2 protein chains.
Amino acid sequence: MTFKINILGCGSATPTLRRNPTAQVVNVLERHFLIDCAEGTQLQMRKFGIKFQRINHIFISHLHGDHYLGLVGFISTLHLLGRTKDLHIYAPEALGDIIFSQLKASKSFLSYHIEFHPLTSQKNELIFEDNLVTVHTIPLKHRIYCNGFLIKEKEHPYRLDIKAVEAHKIPIAWYHRLKKGEDYIENGVKIPLSTLTLPPVPSRSYAFCSDTAYHESIIPIIKGTNLLYHEATFLEKHEARAKKTFHSTVKQAAKIAKKAEVKQLIFGHYSARYKNTTDFEIEASSIFENSKAVEDGAEFSIDF
Amino acid sequence: MTFKINILGCGSATPTLRRNPTAQVVNVLERHFLIDCAEGTQLQMRKFGIKFQRINHIFISHLHGDHYLGLVGFISTLHLLGRTKDLHIYAPEALGDIIFSQLKASKSFLSYHIEFHPLTSQKNELIFEDNLVTVHTIPLKHRIYCNGFLIKEKEHPYRLDIKAVEAHKIPIAWYHRLKKGEDYIENGVKIPLSTLTLPPVPSRSYAFCSDTAYHESIIPIIKGTNLLYHEATFLEKHEARAKKTFHSTVKQAAKIAKKAEVKQLIFGHYSARYKNTTDFEIEASSIFENSKAVEDGAEFSIDF
């Protein structure tokens with residue numbers, strides 16, 4: 001029941017010897033999602049032992065270079081490694097041409113198919129769904145069109161109270177209906193679900209919100225999420241700069257976390273002007289206790 | 001009188017933790033040229049202490065990703081660092097759209113001007129010239145349109161033989177004409193140039209040839225060059241593979257060096273299948289003695 005986030009890059013604007021720009025791999029129930037893919041991402045994956053071919057779905061927040069310039073190289077490397085599985089890319093519409101014009105210029109005929117899913121909506125919408133997991137966009141407020149992503153387990157089944165179930169001699173063939181939440185009728189009498197089952201374990205979720213200005217509209221979307229990654233490009237003393245560039249201060253990130261009642265906040269996308277993250281952690285925890293500055297290579301798990 | 005080549009990347013196809021794909025910086029008489037710009041090049045520049053803003057001219061051989069995918073990120077970083085000087089890019093025509101469509105998608109308005117020089121000719125042609133240096137294309141034989149580059153000092157002036165010049169009481173105002181190679185007429189008698197001057201120091205040159213199949217047409221263009229970088233993707237045992245992919249074996253690179261009578265051969269662009277370069281050096285030197293395998297971070301000087 002893995003739900004794990006690997007930070008491959010958490011700097012902003014440009015790669016440095018200390019930090020790569022944005023990229024993360026989310027493993028949710030063995031679905032491996034890549035979120036953003038800055039220049040150098042494939043090298044970070046090698047460094048941190050991420051298996052390239054496990055990634056079948058890539059989500060790109062927006063078309064600033066520090067969030068996607070490693071993508072065409074990654075696509076090309078998957079081909080060189082002999083990939084045959086489809087690769088799904090969810091990204092702002094213009095990225096389609098950017099990818100395919102480069103493949104055309106290099107006369108590359110990929111060994112696999114890319115299914116490009118253009119994102120255009122300004123609304124919170126479902127963009128991925130399978131039997132266990134959903135991904136929704138989180139419309140953000142940035143200089144250009146930008147989405148965060150909410151990755152969520154679907155509701156888990158009710159858990160059978162085996163003793164109670166056996167006492168009522170409920171046929172095994174009926175178990176899956178109990179798990180779905182149906183009541184059981186015994187000799188015309190309804191046995192309440194709550195006497196036969198325990199409530200489902202809660203569904204876990206991860207919200208990625210970068211890049212964005214302080215934007216309260218995201219609060220209902222990410223309400224109560226287990227783990228929130230929110231960009232924190234600046235310290236409070238540079239709030240004016242944050243406003244001008246449609247980024248957030250770390251205190252603003254913490255305010256969003258608090259108002260959305262998330263369980264834990266992690267943050268990154270630091271401006272290169274800061275030497276370390278000590279002041280970021282001080283400012284964040286003054287508003288929201290359970291918060292942490294990320295670094296490249298960090299790993300976070302969401303447990304039940 | 002610097003003439004220096006810094007190897008930023010010498011692997012092929014894809015970045016690995018050991019080698020970056022192709023990029024080189026050539027400093028010729030304080031003109032700083034970037035040749036090719038694979039993903040990760042700007043990080044290699046930071047690692048090897050190359051000053052970003054000194055680069056005013058970028059030459060791109062061809063549009064396979066391992067030769068240019070770091071370019072848009074580098075352009076963007078120059079902007080973030082506040083560049084105002086023009087940047088000249090010489091590259092296959094299609095790269096113009098690839099660059100400008102990405103700048104458009106990110107709504108980036110650069111702080112400086114890019115002058116894009118599209119390369120389309122199949123012939124050896126002059127593409128850069130100033131008072132001291134020229135750059136010519138070297139048409140190569142690859143799967144897609146591809147040029148090498150010949151970087152050359154212009155002819156140096158004749159050197160005055162000061163004792164002889166003073167003995168003939170030649171006016172100082174005439175010196176620059178002697179340096180250009182004009183004879184001097186004294187009382188109607190021609191004083192031969194050779195009695196007044198020493199021959200110019202030889203002009204130095206560097207030839208970059210990657211990617212290419214074995215291609216003898218380049219020999220007259222690079223004849224006698226001081227330093228030749230020639231791709232050597234494969235060892236001899238993989239010659240069939242080299243032929244199929246329009247690459248060269250290291251022995252083929254050495255044959256070109258020998259036939260072109262260059263002073264020194266360096267080679268790279270190794271396929272990732274080889275663990276080290278020992279066999280490359282053995283095979284190369286069996287044909288051309290003064291040859292050397294390059295690694296990322298290597299530096300070569302061309303002396304008089």
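Chain A holds an open sheet of seven strands, ordered β7-β8-β9-β14-β15-β16-β17 with mixed pairing (two strands pair if DSSP finds at least two bridges between them; strands are DSSP runs of E with at least two residues, and helices are runs of H or I with at least four, numbered from the N terminus). This is a predicted model, where local features need pLDDT of at least 70 and side-chain atom pairs count only at pLDDT 80 or more, while totals for chains, interfaces and linings use all residues. Residues are numbered from 1 along each chain as its sequence is written, and chains are lettered from A and ligands numbered from 1 in the order in which they are written.

**The sheet of chain A**

- The edge strands are β7 (126-129) and β17 (291-293) of chain A, each of which pairs on one side only.
- From one strand to the next, the twist averages 15° (angles run from 0 to 180 degrees between N-to-C directions, and axes are lines fitted to C-alpha atoms, for helices over the stretch in contact).
- Helix α10(A) packs on this sheet and touches β16 (264-268) and β17 of chain A, with a direction at about 165° to that of β17(A). Contact here is between residues whose C-beta atoms, placed from the backbone, lie within 7 Å.
- Leu126(A) stands opposite His136(A) of β8(A).
- As background, strands of a sheet pair through backbone hydrogen bonds, either parallel or antiparallel.

**Helices α9 and α10**

- In chain A, α9 (residues 250-259) and α10 (residues 278-285) pack at an angle of about 35°, with axes 8 Å apart.
- On the α9(A) side the contact is made by Val250(A), Lys251(A), Ala253(A) and Ala254(A), and on the α10(A) side by Phe280(A), Glu283(A) and Ala284(A).
- By class, this contact of α9(A) with α10(A) has five nonpolar, no polar and two charged residues (Ala, Val, Leu, Ile, Met, Phe, Trp, Tyr, Cys and Pro count as nonpolar, Asp, Glu, Lys and Arg as charged, and the others, Gly among them, as polar).
- In chain B, α9(B) and α10(B) pack at about 35° with axes 8 Å apart, and α9(B) passes α10(B) in a right-handed crossing.
- Phe280(B), Glu283(B) and Ala284(B) of α10(B) are buried (buried takes 20 or more other C-beta atoms within 10 Å of the residue's own, exposed 12 or fewer, and partly exposed lies in between).
- Those buried residues line one face of α10(B), because they fall within an arc of 100° seen down its axis (the arc is that of the directions from the helix axis to the C-beta atoms).
- They pack against α9 (250-259), β16 (264-268) and β17 (291-293) of chain B. On the other side of α10(B), Thr278(B) and Ile282(B) are exposed.

**Where chain A meets chain B**

- The contact takes 31 residues from chain A and 31 residues from chain B.
- On the chain A side, the elements that give two or more residues are α1 (41-47), α2 (71-80) and α3 (95-105).
- The chain A side divides into twelve nonpolar, 13 polar and six charged residues.

**Backbone points worth a look**

- The peptide bond from Ser210(A) to Asp211(A) is cis, with omega near 0°. Asp211(A) sits in the loop between β14 (205-209) and α7 (219-222) of chain A.
- Chain B has a cis peptide bond between Ser210(B) and Asp211(B), with omega about 0°.
- Glu30(B) is not a glycine, yet has a positive phi of about 65°. Its place is the loop between β2 (23-28) and β3 (31-37) of chain B, and Glu30(B) is exposed, with 10 other C-beta atoms within 10 Å.
- Phe246(B), also not a glycine, has a positive phi of about 55°. Phe246(B) lies in the loop between α8 (239-244) and α9 of chain B and counts as partly exposed, with 18 C-beta neighbours inside 10 Å.

**Around Thr22(A)**

- Thr22(A) is in the loop between β1 (3-9) and β2 (23-28) of chain A and is buried, with 31 other C-beta atoms within 10 Å.
- Among the residues that Thr22(A) touches are Asp36(A), Asp66(A), His67(A), Ser210(A) and His269(A).
- The C-alpha atoms of Thr22(A) and Ala38(A) are separated by 5.6 Å, although the two are 16 residues apart along the chain.

Technical notes. Two residues are in contact if their C-beta atoms, placed from the backbone, lie within 7 Å. A crossing is left-handed if the near helix is turned anticlockwise from the far one by less than a right angle, and right-handed if clockwise. Lists of a residue's contacts leave out its neighbours within four places in sequence.
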